[in-house]
Every structure is written in structure tokens, then in C-alpha cells.
Amino acid sequence: MIAGLFSSPRQLIGVEVLRMEDRRERQSFEELALPLLDSLYQYARWLTRNPTEAEDLVQEAYLKGLRGFDGFIPGSNIRAWMFRILRNTFLTSRSGLRAVPPVSLDEEPQLLDEIADGATPESHLLQRADAESLRRAIEELPVEFREVLLLSDVEDMSYKEIAETLSIPIGTVTSRLMRARQKVRKAFSGQR
Amino acid sequence: MMDRHWTAEDVERFADGEASPEDDHLRQCARCANAVLATAQMKRAIRDAMDVGPAPASLRRRLTERATAKWWIVAAAVVATIVVLTPFLLHNRSQPALPELVDMHVTMLASTNPVDVISTDRHTVKPWFEGRVPFAVPVPDFSSTPFRLIGGRVAYWRGNQAAYLLIGKSAHRISVFVFRQENAPKFLGQSPPSVSTLSWQRDGLTFVAVADIPPADLAQLRDAFNPR
């Protein structure tokens, strides 16, 4: 089914068509990757913040996934693999280059030893927040924070899986996620 | 250990389902338990806020329906190829060759230079073809026949190389096309009424003679090519 998507302009009809090996390969790629469509689209939406761009991004990611499927190690994490392809595709796109600042967001000193305080006014505000204003607050965040929130809270990825998807150390995942949530609290309380 | 408050990282790791301290402390510490609860609620709020729903049907269609589209394109291309090629295939297979050869014969005779090698000597004409056509051209000895050699040239018929011999018989002139058998016309068809034609094969070559002389005279020419 999905093989169709993968008829890119770069592939010539005559060359592309009937090699059984390709079809077998596509079949299994399709089986693995198509169930991820909703998740990939969601990720693409939060990377691009634009429905049309998101659709194009997902399509391109599937195309690249199909082409690079030889490099996928069977049995390894297809979700992290496809997410990584989607992300790399986004980062090399024009809007991706605009979205990501040249300096890493993880440079700032962390507040990891800060004592937990669940009773801050911000988090109570957050609890009462309607989804729409929270969505707007998240949308304002830099892409590196948006994506880490999505991967953890929507996709329920483990830190290890997030690390694999973003190609960063697990320690960086932990701190980036904390800072993202901190920013949501702050940004959100600022809106109110 | 038990009464030490959790760090913000401990709380988040716990809420995220990652390795975190034993949860004994949470049972006793409302403050840390509250922090965990708030983080869990925040996670849920973020999940709800970030949910954009399933991928649009249009996208799913783009990913899945192009398969069909592609096969249509392939099928269309195949059909188009067949449609385009068929006339050529049919042309080569079933279009009669004789009318074309007769036209060539007439064209040659109308030309001021019908041949490139002009010689009545077969020992001149035969070697002239060497390197010009990919086969040895038999040029018979006409000395004891009513025919005389005029000359020869290289001819092309439907992209195939042929040796062309121009032969005279009194005032008439005869064209003899010599093909390698594999490149020779498969289907000659009917000779136009204005001329006689005769075709024969020998030693892997196909000969087609065209002239405005009676067929019997062409048979005589054939025999000159095929000495007993």
C-alpha cells in the first residue's frame, strides 16, 4: 500500500517497478512504518507548527525511510528510527534551519538539585489551564523543548528512547525535559 | 535517607517512569507527593494540549494511494509504449517490402549516379564491398550470359545494410539487393505490375532482383548467381 507514497520524482518508472526484492523490502517497511503515521504527523506538527508543512515533512520522511531501509537494523526501534529521520529532514529544511538556534539550549547551568516544590502557584495555575492556552504556551517554546515534551508526554518515550531519537546523551534528555517543563510553567503563568 | 526531600529531578524521573529513589519518602511527605502529583497532572495537561489528533485522511491517502497511481502510470506507460511501437512492429513484420524495394530501384535508375563503383569487372566490384557491407557479396561471372555488370553501391532498407548491384541486359537495367538473411525482408508482398521481381536465397544471403523485364529473364539472372 504505502509503496505508492514512495514513488518519488527521483525514481524513474522503468527502473523502479518490478524488482521483487524491492517489493519485499517495501512490504516490511510499510508494515513497520505505517502504524507510526499518526505519531509522526503529530511530531511533524509540533516541529513545523504548520499543518501543510507537517504533511510534506511526514511524506518526505517516509520516502527517506523507505530509501534508507537497508540501514535499519531489524528488531531495533523503528519508532526512534523514523522519528530521527523525520527530525533530520526537518532540521535540514528551510524552516528547520530557522527554528533551531545555533547555540545549544543545554548550555545553561541546571537547577537539578533544587528541592521539589509541588505547591508553587504556577503549577496550580497549570492544573486549571485549558488545553488551548497551554497549547499556545508550548507553541511559543523553542523547538528543542517542544519536541522533548512531545516525545515524553505524548509519545510516552523513555529517556533512553528519547536519547536515541534525538541523538543526545540520556543526561541531556533529563535536563532538557526539566527545563522544558520549567519553561511551560513560567510561560504559562506569564500568560495569565 | 527517608526524610530527605526529593529533588526536582527525582520527582520528574518518577513521573516519567524512570529510575528514581524508593517511594517510601512519598508516603510520608505530602510536599514531595504533591510535587509528583503536580508533575503527573502537568504531563497529562501537556499531552492533551499537544494532541493534534490523527493524521489527516488526505495525508494517509497521499502515502497509500500513490501506489495505485503509480501502477496506473506504469500501466499507462506500457499501453502507450505498445501503442507507439505497434505500427513499427507491424510495419516491420507485415508491411510488404517489395513496394519499397521497387521504389528504391526506380530512384536508383533515375539518379545520375546510381552506383558508387562503376565497373563491368566483378573483380573490381566484389572487393569494393569489402569493409562496406558486413558480408562477402557474390558477383557472378556474366561473360556467358546476356547480362552485364554495371556497378554497385551500399543501400539501406529499414535501417539494414544491403549490397546493391546494378546489372544491365540490353537496354534494361536490373537492381539486385543482397541482404544478410537475418536482416532481409521477411515479407516481400506483391510486386507492382510495372516491374518484375524475384527473390532467392543462397549461402545465408537473400537476393531480391527488380527490373522491367519478363520474370523468366530474372530467373535466368538468378541462375547466373547460382551456377550449377
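Which residues have the most contacts inside the largest nonpolar core? In this predicted model, they are Leu40(A), Ala44(A), Val58(A), Met82(A), Leu86(A) and Ile46(B), and the core has 58 residues. A nonpolar core is a set of buried Ala, Val, Leu, Ile, Met, Phe, Trp, Tyr and Cys residues joined through C-beta atoms within 7 Å. A residue is buried if 20 or more other C-beta atoms lie within 10 Å of its own, exposed if 12 or fewer, and partly exposed in between, with C-beta atoms placed from the backbone. With 9 residues, helix H3 (residues 30–50) of chain B gives the most to this core. Apart from it lies another core, of 33 residues, which includes Val125(B), Ala163(B), Ala209(B) and Val210(B).

Residues are numbered from 1 along each chain as its sequence is written, while chains are lettered from A and ligands numbered from 1 in the order in which they are written. Local features need pLDDT of at least 70 and side-chain atom pairs count only at pLDDT 80 or more, whereas totals for chains, interfaces and linings use all residues.

The model scores ipTM 0.75 and pTM 0.53. The average pLDDT (the predictor's confidence in each residue, from 0 to 100) of chain B is 86, and 91% of the residues score at least 70. Where pLDDT is low, the predicted coordinates should not be read in detail.

Chain B contains 7 helices and 6 strands, in the order α-α-α-α-α-β-α-β-β-β-β-β-α from the N terminus. Helices (H or I, at least four residues) and strands (E, at least two) are DSSP runs, numbered from the N terminus. Of its 228 residues, 30% count as buried. Among contacts in chain B with a separation of 6 or more, 51% come from residues 24 or more positions apart; two residues are in contact if their C-beta atoms, placed from the backbone, lie within 7 Å.

Strands S5 (residues 196–202) and S6 (residues 205–211) of chain B run antiparallel and are joined by 7 bridges; two strands pair if DSSP finds at least two bridges between them. S5(B) and S6(B) form a hairpin with 2 residues between them. Arg202(B) stands opposite Leu205(B) in S6(B), and Asp203(B) in the turn has a positive phi of about 55°.

A positive phi is also found at Arg158(B), near 50°. Arg158(B) lies in the loop between strand S2 (147–157) and strand S3 (160–169) of chain B. Arg158(B) is partly exposed, as 13 other C-beta atoms lie within 10 Å.
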